[in-house]
Amino acid sequence: MANKPKRRMSDADKAAYEQAKNIAASTNLAERRRLAEDHLTPPEILFFLAEDDNSEIREAVAANTATPRHADQFLAKDESEDVRSIVARKVAAIAPDLSSERRESIRKLTVEVLETLALDHVDRVRAVLADAVKDLPDAPPELISRVIEVLARDTTLSVSGPILEHSPLLADELLVEIIRNEPVAGAIAAISRRQAVSETVSDAVIGAEDDAAIAQLLGNKSAQIREETLDELIENAADRPVLHRPLVTRPKLLGRHALSLARFVGYALVAELTKRADLGAEASAQLARELERRLEENPELADGTEESEIILTGRDRAMKMFENGTLTEEAVRDAVSEGKRPFVLAALECVSGLPEDAVHSLASSINPKAVVALVWKAGYSMEFAVQLQLRLANIPPEKALKPTEDGGFPLSDDQMSWQIELVSEETEKED
């Protein structure tokens, strides 16, 4: 079959093309922007505008779906992270249609653009891409292996988190591998929140002994957990209070599980167990008797005394460990993982020398600088400061301060001292 002759440009088309060329080379910003935004602008003109000195023009070209993929490839390396982020959103949006793209060159270029962005040196750009592709229901194999996997393994939680939590394209084998390789703090918890977590992945989560992630897994109604795995978890949960409530409220709990829990959880949680309708008559009767026994022995439990005793015990234990020199950073880090807030606050009070009110204000602050300053004052590491921000102060991962390249504090000593002084002055005024 003979090749079709190329359609010759009409005089009107030639005139329009020359006008577009003149506008692209002009100093009129508004006209160049309109040209960059227009889907009818010739591809070669858009490519020319992709090199414009003005970032607003390059942003418009990046957002234009008519921009040729070669220009997108060029813009994926633009000096402006705004431009690169816009390219990420746009190209990710067409990824689901990549399987039906017949032109191999376009398929290859598209994956290369996304791969470049997945390796971008700026967290925000990679996070934008991750958010754009996290819900893709389908994608060609090369996109999964070269882009989705890279994002899932990212060491920044704002990048890997959305992929690990939402992407249906991740195989169980990859998830288990990521869990076993000790990923960034919060990554295992993200996996625990996935829809339909398999028994294999649940086993890996529980085996990682990340109590914050295990608590998320237990609260995930779609997560499948083997009975024997749950038996073992309950057996080892007595000294891990952060798991007590998630275990008590776990869907489809068996009677034997509830009775095992009743041996060590608090009075209020035993009361919650007695209200469950899925444990069977015999287990429910035994739980009711356990509740009555505790109340007879300690009538004050009805007034909530148990919780105040737990706080006192945690504080006393921290004080005693400080006195005998065993209040190490590792011990406090473990307490953070286990959700032992009273112990952690008392420990920070001991090692920092700050008043109780100041420690509570700093630790409860939604200001990551204040939390980091508290850890610095206590003489602990920036690695611990990251954990404290995420797990005790509940600061969103994307807002938490990260260590410097050498693992140090991202704030100067003067900045952190100022944070301490500011809170100390406020607590003194309140007194």
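Leaving aside neighbours within four places in sequence, which residues are in contact with threonine 229?

## Threonine 229

In this predicted model, threonine 229 belongs to helix H15, which spans residues 227-235. Once the neighbours within four places in sequence are set aside, its contacts are Asp203 and Ile206. The relative accessible area of threonine 229 is 12%. Because buried residues are those under 20%, threonine 229 is classed as buried.

## Packing of helices H7 and H8

Helix H7 covers residues 104-118 and helix H8 covers residues 123-133. Their axes come within 8 Å and cross at roughly 130°.

## Helix H24 and its ends

Helix H24 runs over residues 368-378 and is mostly covered, with 8 of its 11 residues buried. The buried residues are Pro368, Ala370, Val371, Val372, Ala373, Leu374, Val375 and Ala378.

The N-terminal end of H24 is capped by asparagine 367, which places a side-chain oxygen 3.0 Å from the backbone nitrogen of lysine 369. Just after the helix, glycine 379 adopts a positive phi of about 85°.

How values were computed. Residues are numbered from 1 along each chain as its sequence is written. This is a predicted model: local features need pLDDT of at least 70, side-chain atom pairs count only at pLDDT 80 or more; totals for chains, interfaces and linings use all residues. Side-chain values use heavy atoms; hydrogens and water are left out. Buried means under 20% relative accessible area, exposed over 50%, partly exposed in between (1.4 Å probe, protein chains only). Helices (H or I, at least four residues) and strands (E, at least two) are DSSP runs, numbered from the N terminus. A polar contact is a pair of N or O atoms within 3.5 Å; within protein, one must be able to donate a hydrogen and the other to accept it, and residues adjacent in sequence count only if both atoms are side-chain atoms. Contact means heavy atoms within 4.5 Å. Axes are lines fitted to C-alpha atoms, for helices over the stretch in contact, and angles run from 0 to 180 degrees between N-to-C directions.
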